[in-house]
Amino acid sequence: MATYSTASSADAFCTSGSSPTARSPGRASLTDTLTLPDHLFERLSFTPAPAELRFELQGNPDGPTVVALGGISAHRHVAAHDSDPSPGWWEAVAGPGRALDGDRVQILSFDFLSGDLPAGDSFANRRPPSTFDQAEALAFLLDQLQIDSVRLLAGASYGGMVGLAFAARHPERLERLLTIGAAHRTHPLATAWRSLQRQIVQLGLETGRADRALEIARGLAMTTYRSAAELESRFDAAPDAAGRFPVEDYLAARGRAFAAAFEPSRFLALSESIDRHAVDPLELRVPTTLVYVDSDALVPPWLVAETAREAPGPVHLRELHSLAGHDAFLVESEAVSRLLLEELAAAEGVSR
């Protein structure tokens, strides 16, 4: 059941094909699930069971739309609001008085499609959703919400890849693109790391210990998300009295939290989707800012620079200095907020 609320009214949103009713000014929130129609799958590269698209729209209904997309563990809940006061995945930069302020913009996000697999099934003979599939799902969502154009799509990590795919496929619907830690293709070393993670999870599924395998895979992933310098600054290299290394507890905690919230099949699908990502830079004609993190091992700076160099559209290449590595978009809230505000100001200037 959809929930949509404002300070002065409540409107219903139907998932059976009808459109949202007129929305009242003020802060609002809409959380719902759409079933993707059969005809949409003619444009998609994967063939799941009937797929559901879960999304959340919050903020000023009369403000410009900002789409916020994060890594594979991100979700539709970007920031807290009246209908859901729990912290969102980008709470540090979204919310009252922050860069993505719901008084000024409406923020849209969705749960990435991962393909609905029956229990015990695998992607051995099927392709997971691609970043272009995610882009098509976003276009469908915008149609249902009667949003013609997005002022800014801010995507980090996998969300940045989806943003690049959306810009290439639907440039007329996007005024400006900001990506952090994303390029037009993946690096073979990053694919090597992720392929080992997937093998760990597959082995867990085969042996009946999928949750434990997912914990280990996520712990391994964290060593690629953060930089060597950051880990050294946070953890002592020597073991404690029990013979356990401090960094082990950190990795174990992150693994347990991830496994508690994520299905193994969803992880496998989105992990492989990353490695299949490929966008032709020549198709990027939307005004774009590509941000690389100087300590990012997963998406090295030179690879983002390659995307910028080959794209014909107006592209700005920016550096984000951080010890946090690939996860800088979650850690460096002040720097990321400045980037968002600059992009919003630039887009607003053009729209005027």
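Which helices are included in what covers the buried residues of helix 7? The cover includes helix 1 (131-144), helix 2, helix 3, helix 4 and helix 6. The model is predicted: local features need pLDDT of at least 70 and side-chain atom pairs count only at pLDDT 80 or more, while totals for chains, interfaces and linings use all residues. Residues are numbered from 1 along each chain as its sequence is written, and side-chain values use heavy atoms, with hydrogens and water left out. Helices (H or I, at least four residues) and strands (E, at least two) are DSSP runs numbered from the N terminus.

**Helix 7**

- Buried means under 20% relative accessible area, exposed over 50%, and partly exposed in between (1.4 Å probe, protein chains only).
- Among the buried residues are Pro 264, Arg 266, Phe 267, Glu 272 and Asp 275.
- The end C-alpha atoms of helix 7 are 18 Å apart, in agreement with the 18 Å that its 13 residues should span at 1.5 Å a residue. The expected span is 1.5 Å times one less than the number of residues.

**Helix 3**

- Helix 3 (residues 188-207) buries Ala 190, Arg 194, Gln 197, Arg 198, Val 201 and Gly 204. They lie on the same side of helix 3, because they cover an arc of only 110 degrees around the axis; the arc is that of the directions from the helix axis to the C-beta atoms.
- Pro 188, Gln 199, Glu 206 and Thr 207 are exposed on the other side of helix 3.
- The buried residues of helix 3 pack against helix 4 (210-225) and helix 7 (264-276).

**Gly 163**

- Gly 163 belongs to helix 2 (residues 158-169) and counts as buried, at 0% relative accessibility.
- Leaving aside neighbours within four places in sequence, Gly 163 is in contact (heavy atoms within 4.5 Å) with Leu 153 and Leu 177.

**Largest pocket**

- The largest pocket is lined by 50 residues, of which Ile 72, Ser 73, Ala 74, Phe 258 and Phe 262 lie nearest its centre. A pocket is an open set of points on a 1 Å grid over the protein atoms alone, where a 1.4 Å probe fits, with protein on both sides within 12 Å along at least five of seven lines; lining residues have an atom within 4 Å of a point.
- Elements that each supply at least two lining residues include strand 3 (52-59), helix 3 and helix 7.
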